[in-house]
Amino acid sequence: MVEKRKELENILKGLGELGDVIGSSIVRRDGLLIASNLPSEVNAKAVAAMAAAIVGTSETSTKELDIGEFNQVIVNGSNGQYVSVGAGGEAILICLIKKTANLGLVLLEMERSAKKLGRII
Amino acid sequence: MKISTGIEKLDGLLGGGIKSDSSILLLTDNLVDKSSFAQHILSTRNLEGDKCLYVTTSKLPSHITKNMYEYGWEHKGLVFIDCISNTLKEKPKSRYALKTNITTPKAFEETLKLFKQALKDVKEPKTVIFDSLETFMGIGAEKIAKELEELKQLFEDTKTTCIYLLTDWGYEKKELGKIYNAMDTVINLSTVEKKLLWMNYFQFNGSPKIFFQITQTGVNLYVPKILITGPFHSGKSSTVHAISEKSVSVDRLGTTVSLDHGYIEKKGMVCDVFGTPGQERFDWILKILSRDIWGVILVVDSTRPETFDRAKEMLAQIKGYEIPFVVFANKQDLPKALKAEVIKKRLGLPVVIGTSAIKNEGLEEGLKLLFDKIFNI
């Protein structure tokens with residue numbers, strides 16, 4: 001069990017090594033926080049709950065609109081952005097990134113990490 | 001005589017507390033912070049007037065007092081039997097300091113000598129933490145058990161309650177059995193993982209698992225997730241906010257459109273709470289929010305009986321009948337409010353508590369009831 005936890009932390013650490021990533025977290029589909037390295041002033045538990053609702057809602061609407069597979073949600077703010085992707089049936093991966101980030105690169109890394117995460121679970 | 005551990009549900013499992021002047025084993029896995037758990041108990045005993053001793057074989061006394069200080073745990077006059085400082089080449093402050101290296105075969109015997117001396121010197125009644133036995137498991141469980149058995153008489157004579165800690169690093173059942181036999185009580189502390197959620201629990205004598213988390217306020221019962229739902233305008237968001245330490249809502253024009261989230265940490269309980277919207281057009285969110293819930297608080301507006309059918313329908317939607325739930329008959333502060341007993345009859349549901357989210361009345365009582373139902377006690 002200890003190793004599994006280490007692996008999760010390593011995933012977050014790996015994402016953090018991308019210069020554009022400010023912080024990231026792993027959340028269960030039911031909205032509970034599993035692991036986070038978001039900035040300490042962020043209420044990570046509340047963000048986790050909201051991300052689960054956002055991803056759940058987005059998946060449902062993707063289906064409703066019949067536009068194929070759900071990929072990710074990108075929330076764009078004037079000073080930054082964050083991306084949420086599904087990671088297997090049980091988890092969600094969130095990344096808070098800089099406004100000027102290379103989004104393509106971040107998405108690629110997130111996809112890789114999400115796959116890894118899916119395998120761990 | 002039974003004495004309190006400061007952890008209400010643990011006292012409950014043990015029939016009122018731990019037995020005084022006895023030997024207690026906390027057998028743990030390697031993920032539980034057993035020292036902090038035991039220190040919570042020690043500080044309770046300290047507050048109730050016991051003299052406290054701490055046998056430490058792996059952590060420096062300064063680390064232990066720092067930890068207790070950070071949790072705000074009382075430890076007045078704590079006496080250390082310091083078996084580690086000399087090994088780590090630190091200067092021991094306690095008069096009971098082991099001179100030999102803790103890793104040598106003679107260390108156990110020498111430790112007991114110091115321990116016995118301290119028991120005779122320190123006034124009674126007293127509580128001891130022995131942190132921890134695995135340091136000596138190398139010399140064999142049989143040898144250890146024999147000595148611990150002999151200590152029991154001294155505990156009675158000196159009015160000593162001793163809590164031994166032992167992390168199970170995969171010892172043989174037979175070996176552990178020998179240690180068990182030298183104890184009066186064995187409490188298990190362990191961890192389970194459920195879909196990436198790591199949860200510590202304590203268990204006594206095949207009891208239900210009682211999940212806990214050690215947070216800033218000490219050892220608290222832990223429920224990962226509770227859902228607060230109910231019809232439009234029944235006061236769900238107000239309930240989430242009133243009951244939580246920290247909370248946020250996603251709302252528009254005074255009504256919740258997505259969810260409320262709150263975190264509870266009080267009265268020995270820790271929990272994440274999720275509030276749902278009440279309007280029918282948001283019902284699909286119920287499905288998303290009701291994943292893996294442990295309990296439900298159904299909030300109804302006591303002044304609007306016409307919404308009760310909708311309340312029951314919502315409970316059915318989230319399969320609330322299959323898990324522990326309580327009904328909060330909210331808005332009891334209003335003059336037209338129906339009494340909780342009347343609502344109980346109308347709804348035909350077993351547990352209805354009168355509450356006022358605005359005046360913060362009945363909420364903690366209701367939450368406590370829900371926790372009791374969840375832990376089946």
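Me: How many residues of domain 1 of chain B are in contact with domain 2 of chain B?
Reply: This is a predicted model, in which local features need pLDDT of at least 70, side-chain atom pairs count only at pLDDT 80 or more, and totals for chains, interfaces and linings use all residues. Residues are numbered from 1 along each chain as its sequence is written, while chains are lettered from A and ligands numbered from 1 in the order in which they are written. Two residues are in contact when their C-beta atoms, placed from the backbone, lie within 7 Å. Domain 2 of chain B brings 5 residues to these contacts, and the number from domain 1 of chain B is 7.

Me: Which element gives the largest share of the side of domain 1 of chain B that touches domain 2 of chain B?
Reply: Strands here are DSSP runs of E with at least two residues, and helices are runs of H or I with at least four, numbered from the N terminus. Two elements, β10 and β11 (210-215) of chain B, each give two or more residues to this side. The largest share, 4 residues, belongs to β11(B).

Me: How many residues on that side of domain 1 of chain B are nonpolar?
Reply: Ala, Val, Leu, Ile, Met, Phe, Trp, Tyr, Cys and Pro count as nonpolar, Asp, Glu, Lys and Arg as charged, and the others, Gly among them, as polar. On the side of domain 1 of chain B that touches domain 2 of chain B, 2 residues are polar and 1 is charged, while the nonpolar count is 4.

Me: How far apart do the C-alpha centres of the two domains of chain B lie?
Reply: Domain bounds come from an automatic or database domain assignment. For chain B this gives domain 1 (2-216) and domain 2 (222-374). The separation of their C-alpha centres is 41 Å.

Me: How many residues of chain B are in contact with chain A?
Reply: Chain A contributes 20 residues to these contacts, and chain B contributes 24.
The side of chain B that touches chain A divides into 14 nonpolar, 3 polar and 7 charged residues.

Me: Is B:Thr276 buried or exposed?
Reply: B:Thr276 is in the loop between β15 (269-275) and α8 (283-289) of chain B. Its contacts, leaving aside neighbours within four places in sequence, include B:Lys236, B:Leu259 and B:Leu286. A residue is buried if 20 or more other C-beta atoms lie within 10 Å of its own, exposed if 12 or fewer, and partly exposed in between, with C-beta atoms placed from the backbone. Because B:Thr276 has 30 C-beta neighbours inside 10 Å, B:Thr276 counts as buried.

Me: Which residues does B:Phe108 touch, not counting those up to four places away in sequence?
Reply: B:Phe108 is found in helix α4 (residues 107-121) of chain B. With 21 other C-beta atoms within 10 Å, B:Phe108 is buried. The residues that B:Phe108 touches are B:Phe136, B:Ile139 and B:Ile144.

Me: How many of the 14 residues of α2(B) are buried?
Reply: First, a look at the helix length: the expected span is 1.5 Å times one less than the number of residues. For helix α2 (residues 34-47) of chain B that is 20 Å, and the end C-alpha atoms are 20 Å apart, which agrees. Among the buried residues of α2(B) are B:Phe37, B:Ile41 and B:Leu42. The helix is mostly covered, with a buried count of 12.

Me: Which residue of β4(A) stands opposite A:Gln72?
Reply: Strand β3 (residues 72-76) of chain A and strand β4 (residues 80-87) of chain A pair in the antiparallel sense over 5 bridges. A hairpin of 3 residues joins β3(A) to β4(A). Opposite A:Gln72 stands A:Val85.

Notes. Pairing = 2+ DSSP bridges.
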